[in-house]
Amino acid sequence: MGVDLRQVVAAILTLTMFVMLGQMIKRDHFDSLRETLPGESQDVQFDSANTIANDGLVKLSKRSKGPWMEDIQELKPCWRRTDFDEIEKFKGYVTFSLTNGPEYHVSQIADAVVVARYLSATLVLPDIRGSKPGDERNFEDIYDVERFMKSLDGIVKVERELPNEISIRDLAAVKVPNRVTEDHIVESVEPIFRSKGNIRLATYFPTVNMRKTAQKSSVDSVACLGMFGTLELQAEVHEVVDSMIERLRTLSRKSDGQFIAVDLRVEILENKNCHRSGSTGAKSCYNAEEIALFLRKVGFGTDTTIYLTQSRWDNSLSVLKDIFPKTYTKETIMPEEKKGKFLESEDSEFEKVIDFYICSQSDVFVPAISGLFYANVAGKRIASGKPQILVPADIPGTSAAITNYLSPYVAKKNHLAYSCFC
């Protein structure tokens with residue numbers, strides 16, 4: 001029986017169509033985004049009726065297309081060193097540790113400085129303890145000791161370590177809530193300090209709320225100084241952060257060196273409580289697919305460079321990389337010669353610090369996870385004139401005005417940082 005060439009061709013074409021259809025079904029969700037969502041062919045238009053755009057908080061960048069925003073003028077500290085009276089005599093010591101990462105460190109420092117200042121006590125340089133047993137570091141492994149001590153000169157006396165005659169076992173343990181108040185110190189800390197002479201301080205966090213309060217206190221200026229004016233990275237860590245930021249800007253040539261930092265960590269997203277809605281109906285975190293949809297719908301193009309706080313690549317992130325191919329984690333942009341030290345183990349203090357400072361300096365910050373990391377990165381960005389913080393949300397339709405998703409910390413100017421900077 002002869003073979004009809006037309007039947008052979010038709011069979012090949014049919015098979016090819018089925019293969020292509022299978023690929024389309026697999027990727028239709030992402031391909032449709034490329035066709036229907038804004039972000040590449042034109043600038044995203046701001047909602048002119050939205051007062052945020054006209055309040056000096058958001059201004060569209062003229063350098064590139066897409067919803068990139070310009071920095072504003074860096075704010076100046078409201079406090080002055082002349083506001084602080086000199087303390088003539090220091091009595092006793094206050095010791096403490098920095099724990100759980102840089103987002104906690106800034107609050108722990110602020111509380112320790114406030115307590116030591118109020119008690120006229122000497123503050124002992126803290127050590128740094130990670131979340132795993134035995135993960136301990138010296139303060140100078142991460143932060144600039146000289147900068148820290150100089151920033152507190154004349155405000156609080158700081159010593160590198162306890163005198164030999166004082167045993168750690170003789171220290172009275174005292175817990176204070178984050179953003180400790182003068183009343184709490186008077187009622188719960190001062191009596192113990194007067195009785196024991198030396199204390200070991202631990203800050204607990206009944207809330208991660210960093211909104212400013214209407215009440216004014218005599219310790220406010222000290223708290224502002226402790227939180228925003230004391231910590232700076234030591235030289236080697238600073239160099240690693242700078243090199244990674246420079247690498248990200250090099251990879252972002254099509255967007256004039258601008259990049260987005262997203263706080264997205266898979267181990268937290270896998271927590272069963274992560275996606276539960278609270279009383280307001282707001283979600284507490286967003287996964288890679290939801291972040292991708294959000295960024296496209298507010299207008300970011302597929303050439304946008306994205307930095308994730310997830311240290312090592314996870315397959316669940318591929319959905320984000322499908323839409324934004326220039327998506328990176330630390331392991332892909334950190335200098336090779338630094339990986340042995342700074343990527344030595346999962347969840348290390350070095351990795352947390354790198355994330356915190358890159359998120360603080362990126363052109364846009366997107367907190368996929370709510371919590372203290374978001375709150376304290378927001379504070380650092382507000383202080384340095386980088387209020388471009390976008391809080392993800394489920395967006396109906398195919399596009400949205402970016403100003404609708406500006407962080408409430410910025411849109412309402414209700415972050416603690418606005419009490420400290422003018």
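The model is predicted, so local features need pLDDT of at least 70 and side-chain atom pairs count only at pLDDT 80 or more, while totals for chains, interfaces and linings use all residues. Residues are numbered from 1 along each chain as its sequence is written, and side-chain values use heavy atoms, without hydrogens and water.

A disulfide is taken as a pair of cysteine sulfur atoms within 2.5 Å. By this rule there are two disulfides.

| Pair | S-S distance |
|---|---|
| Cys78 and Cys422 | 2.0 Å |
| Cys224 and Cys420 | 1.9 Å |

The S-S torsion of Cys78 and Cys422 is about 130 degrees, so this disulfide is right-handed. Cys78 lies in the loop between α1 (5–36) and β1 (93–99) and Cys422 in the segment after α15 (417–420), so the pair ties together parts that are 344 residues apart in sequence. Helices (H or I, at least four residues) and strands (E, at least two) are DSSP runs, numbered from the N terminus.

For Cys224 and Cys420 the torsion is about -75 degrees, so the disulfide is left-handed. Cys224 is in helix α5 (residues 220–228) and Cys420 in helix α15, 196 residues apart.

Buried means under 20% relative accessible area, exposed over 50%, and partly exposed in between (1.4 Å probe, protein chains only). Cys224 and Cys420 are both buried. Cys78 is partly exposed at 28%, whereas Cys422 is exposed at 59%.

Glu239, Asp242, Glu246 and Glu337 form a negative surface patch. Asp242 belongs to helix α6 (residues 235–250) and is partly exposed at 35% relative accessibility.

Methods:
Patches are made of residues with over 30% relative accessible area and no salt bridge: like charges are joined within 9 Å, nonpolar side chains (Val, Leu, Ile, Met, Phe, Trp, Tyr) within 5 Å. Accessible areas come from the Shrake-Rupley method with a 1.4 Å probe; for residues, only the protein chains shown count as cover. A salt bridge is a side-chain nitrogen of Lys or Arg within 4 Å of a carboxyl oxygen of Asp or Glu. Lys and Arg count as positive and Asp and Glu as negative; His and the chain ends are not counted. The place of a charge is taken as NZ of Lys, CZ of Arg, CG of Asp or CD of Glu.
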